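Here are my notes on the model, written as numbered points. Keep the 3D view open and follow along as you read.

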Amino acid sequence: MASKGKEAATAAPTGSNPRGIPYAPFVDKVEDYVTTRADVEPTLRSFQEMIAKYQFMEQNLQRRVAGLKDKMPDIQKTLDTVRFLKMRKDEPEPIETNFELNETLYAKASIPPTEEVYIWLGANVMLSYPIDEAETLLSTKLGAATQSLKNCEEDLDFLREQITTMEVAVARVYNWDVVQKRKEKEEEEKLNKDKKSKEAASTAPTELELDPKYDNYDYPTKAPVPQNGHPGYLTAVQQASVHQLRLMLEQEGYTKRLDTLTLLRFLRARKFDVNLAKQMFVECEKWRQETDLDNVIASWEYPEKEEMFKYYPQYYHKTDKDGRPVYIEQLGGIDLTAMYKLTTAERMLTNLAVEYERLADPRLPACSRKAGTLLETCCTVMDLKGVGISKVSQVYSYVKQVSGLSQNYYPERLGRLYVINAPWGFSTVWSVIKGWLDPVTVQKIHILGSGYQKELLAQVPAENLPKQFGGACECPGGCQMSDMGPWQEAEWTRTPWWAKKGTAGGDVKETEPVSATATATADVPAPAPAAA
């Protein structure tokens, strides 16, 4: 049945314009192309292929038009010159003229009456023509170029019409699919919902539509508060954007990370511009392949962590009042020269990426299960105590690298950021850092001085905040190394995808809980900051 849609889509164009460009099919009745929802995807794929062909022809014609418009003035100028020489050939007096040698230098010349001219044909070829024959040749070429330009412009207009027709066809088929999906849903609900509940449902935000092929969540999938573009609070257009993005990525051969929540994060990061979100996703997947991240994560070891913490402590520790993981980093001791004696820049960034993966699974799912609502972001505390003028350049260099990785490959991970103990002059540094960040991200950031405790404790319960920051928590062995949180509690944690048998780098039983810090050794990788 699905083949019917594709056959109809490919066979529908009949007739063509004078240059042989076929007409696009006008979809007046969607049922002529699809009979069931199973036909929708192959039909849309065929329509997208046709649009791509029209766009390819359009690009070629645009280049041809540009070339003609560039050449025609030269032909016209040469023809005018030949006609002038022809008009003056019977006069005894020579023609006095100035030849341009370059932009600022001219040479005066005297041209005697002539019966022939030399025409530059290009490719180092110049031929002599009788003046009458030269006029005929140039007139013919100018006429042919003029006609060709006219044909190209007509074809461009024709192609734009066909592209518009195909885009309308895509919209109609997709809208038909949306309507059918809604009808099926309404039929299921009709048995147990009255008219009033149906009307209320029609005015509520669109429920998150999960794809059984990719969405296998075992934790809540609705955002804790109503937010535009977030799970559970999507408009029909936003939900359609998820479907469209997934379809476009499938057409290019992508099969991993096409679940709804992931695609929504990329869409939100690009203001639901599907093309920009697709570009961001593709660049992220290319980076993952280059770094072999899917295979690295499960076996990653970072034994230099404890020594690195002497210069740059960074760790996850319990949750804030909203149930999100609290991430803490202290930048005052950063000394890249000393740190690069312990490890490499590449290993630091790899560890950063691994910790983002372990934030996504199992940390955030565990927090979501415990909170009873979907949590996708972190609460970050960035301590700048000890960051003086002498260290600004090193902090600037490192934060710039981290910021690029965070925003490009792990979008929509920052819930709140508290910058505490901000030193004098930090506003100047902040004005630069803001330039790397999205305006929405900037609104989540709170710059605080040394009197930060009241505002920070309003977001993070005292029992969850380490004592050194004004809280009451004193974990055995130190909060920095404890990695305490719901992801360490058997009731809430589950085996992450990267540790399951059959996945890259993992061979753990399905029912065996694995914490965020599980590695091949007892060493615990250093956490990474939450992405914007």
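1. Let's start with tyrosine 118: buried or exposed? Tyrosine 118 is exposed, because its relative accessible area is 55% (buried means under 20% relative accessible area, exposed over 50%, and partly exposed in between, using a 1.4 Å probe and protein chains only). You'll find tyrosine 118 in strand S3, residues 116-122. Helices (H or I, at least four residues) and strands (E, at least two) are DSSP runs, numbered from the N terminus.

2. A word on where this comes from: this is a predicted model, in which local features need pLDDT of at least 70, side-chain atom pairs count only at pLDDT 80 or more, and totals for chains, interfaces and linings use all residues. Residues are numbered from 1 along each chain as its sequence is written, and side-chain values use heavy atoms, with hydrogens and water left out.

3. Who sits around tyrosine 118? Leaving aside residues up to four places away in sequence, tyrosine 118 touches Met126, Leu127 and Ser128 (contact means heavy atoms within 4.5 Å). Tyrosine 129 is eleven residues from tyrosine 118 in sequence, and their C-alpha atoms are 6.2 Å apart in space.

4. Now try leucine 138, which lies in helix H3. Leucine 138 counts as buried because its relative accessibility is 6%. Which residues does leucine 138 touch, not counting those up to four places away in sequence? They are Ile75, Thr78, Leu79, Val82 and Ile119. Take valine 82: it is 56 residues from leucine 138 in sequence, with 9.0 Å between the two C-alpha atoms.

5. Next, look at the helix pair around there. Two packed helices are described by the angle between their axes and the distance between the axes. Helix H2 (residues 40-88) packs with helix H3 (residues 131-189) at an angle of about 160°, and their axes are 7 Å apart. That angle makes H2 roughly antiparallel to H3. Axes are lines fitted to C-alpha atoms, for helices over the stretch in contact, and angles run from 0 to 180 degrees between N-to-C directions. Angles under 35 degrees count as roughly parallel, over 145 as roughly antiparallel, 65 to 115 as roughly perpendicular and the rest as oblique.

6. Staying with that pair, the contact of H2 with H3 has 31 nonpolar, ten polar and twelve charged residues. (Ala, Val, Leu, Ile, Met, Phe, Trp, Tyr, Cys and Pro count as nonpolar, Asp, Glu, Lys and Arg as charged, and the others, Gly among them, as polar.)

7. For another helix pair, go to helix H5 (residues 236-251) and helix H7 (residues 274-291), which pack at an angle of about 45° with their axes 10 Å apart. H5 and H7 are therefore oblique to each other. On the H5 side, the contact is made by Ser241, Gln244, Leu245, Met248 and Leu249. H7 brings Val274, Asn275, Ala277, Lys278, Phe281 and Val282. By class, the contact of H5 with H7 has seven nonpolar residues, three polar and one charged.

8. On to the strands. Strand S1 (residues 95-102) and strand S2 (residues 105-111) pair in the antiparallel sense over seven bridges (two strands pair if DSSP finds at least two bridges between them). Phenylalanine 99 has alanine 107 in S2 as its bridge partner, and a hairpin of two residues joins S1 to S2.

9. There is also an open sheet of five strands, in the order S5-S6-S7-S8-S9, with mixed pairing. Its edge strands, each pairing on one side only, are S5 (314-319) and S9 (445-447). From one strand to the next, the twist averages 20°. Helix H11 (residues 345-371) packs on this sheet and touches S5, S6 (325-330) and S7 (378-383). Strand S8 (residues 414-420) pairs with S9 in the parallel sense over three bridges, and leucine 417 has isoleucine 445 in S9 as its bridge partner.

10. Finally, zoom out. The chain has 16 helices and nine strands, and 44% of its 532 residues count as buried.
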